[in-house]
2 protein chains.
Amino acid sequence: MNHAHLTWKEIEKKQAYSCRVFSVHDTLSQAPDGSIKTFSVIDAPDWAIVIPVLETEGGLKFLMVRQWRHGSRTLSLEFPGGVLEPGESEEDGARRELAEETGWLAAQIIKLGELSPNPAIMSNRVHVYLAKDLTYTGKQDLDDDEYVDVEQIPIEEVLKGMGKEPYIHALMASALCLYLAFGSGA
Amino acid sequence: MNHAHLTWKEIEKKQAYSCRVFSVHDTLSQAPDGSIKTFSVIDAPDWAIVIPVLETEGGLKFLMVRQWRHGSRTLSLEFPGGVLEPGESEEDGARRELAEETGWLAAQIIKLGELSPNPAIMSNRVHVYLAKDLTYTGKQDLDDDEYVDVEQIPIEEVLKGMGKEPYIHALMASALCLYLAFGSGA
């Protein structure tokens, strides 16, 4: 199907703000009807999210991290994840973030999908992985502004809690969606 | 449980950038150990996402909108949604966005949950609704920079496609997660 009647063309892009996590650009884009409009776009490196699944005597559990989030100014209970380093593969970044934040290593790591955190205003991607066959090393390696509690939560509890405190991180819900689709054989 | 060892305190906030969709603030926050660090926070009005479910002869379908996204510079196939207007209730905003983008009205609208689009860097919330008992009015009411195709997609196709083009919008995957949790009776 031809989507030319929906497709815009970016014709100018200028940096307007920058910090260590993202930068903002003012852009000009040409609409399908030829008119020109301004948009603001947030650029950032790609991110990885890892869903670590533990087989325990009490059933399947997710390994999750509880941490303060400076945007929402709340505590948030999340899957491990973070920013890919320059030149790092997506899978290596996923394994590294899991190890640094939780002290657990994954023997098996499976890509569940790739999403745009917010394609309306952000240009980067988030890569979502499932991690299995986990081994505990006991060694977290946190950044100097990271204060993180690692917790093991039954899968049903996370599914039931998503969309309410402390399960308020939309990107974690999006990762859980890919996990559920994967589990259903989709 | 006491989470004081994870909790930060924001002590300063200054606007550094602003456009019609969001603004960026430079903030200073005090860590649990007393040290002070800088963070950048993106403020925006709250958003609503609506999952409209149609009962058709071909089974259950989602009503979705295909549109250009200026962050990802791709077409994206999404649930209807958008920015809440000042003073508007979340539910009214959800109903309005559904009607404007698709020309369909919902007799039933059910809140599925509330998420932070990205609590690490954004302060706003996204409110997720399920819309049922839909009636077609034939009247879309698009903004002057909106070019939107409305499509009816079988639910299984969306679930299977999420995480790949054109189903790349993470917030739509997060909404679908809440829909799946709701359907499972969680």
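Predicted model: local features only at pLDDT ≥ 70, side-chain atom pairs only at ≥ 80, totals over all residues.
On one side stand 67 residues of chain B, in contact with 66 residues of chain A. Among the elements of chain B, helix H3 (residues 170-183) gives the most to the side that touches chain A, contributing nine residues. Sorted by class, this side of chain B holds 37 nonpolar residues, together with 20 polar and 10 charged ones.

The arrangement of the copies comes next. In general, two copies of a chain are related by a rotation about an axis and a shift along it. Here, chain B is superposed on chain A by a rotation of 180 degrees with 0.0 Å of shift along the axis, and the RMSD is 0.0 Å. The two copies are therefore related as by a two-fold rotation axis. Within chain B, the C-alpha nearest this axis belongs to B:Ser174, at 2.0 Å from it. The same surface serves both copies, as 99% of the contact residues of chain B recur in chain A.

Attention now turns to helix H1 of chain B, which covers residues 90-102. Which residues of H1(B) are buried? They are B:Gly93, B:Ala94, B:Glu97, B:Leu98, B:Glu101 and B:Thr102. Around the axis of the helix they cover an arc of only 135 degrees, which means that they lie on the same side of H1(B).

Just after the helix, B:Gly103 takes a positive phi of about 80 degrees.

Finally, chain A can be viewed through its domains. The domain assignment gives domain 1 (4-43) and domain 2 (47-183) in this chain. Taken over C-alpha atoms, the centres of these two domains of chain A are separated by 30 Å. The contact between them takes four residues from domain 1 of chain A and four residues from domain 2 of chain A. On the domain 1 side of this contact in chain A, the residues divide into two nonpolar, one polar and one charged.

Key
Residues numbered from 1 in each chain as written. Chains lettered and ligands numbered in written order. Contact = placed C-beta atoms within 7 Å. Helix = DSSP H or I, 4+ residues; strand = E, 2+ residues; numbered from the N terminus. Nonpolar A, V, L, I, M, F, W, Y, C, P; charged D, E, K, R; others polar. Least-squares fit on C-alpha atoms with pLDDT ≥ 70 in both. Expected span 1.5 Å × (residues − 1). Buried ≥ 20, exposed ≤ 12 C-beta atoms within 10 Å, placed from the backbone. Arc of directions from axis to C-beta. Domains from an automatic or database assignment.
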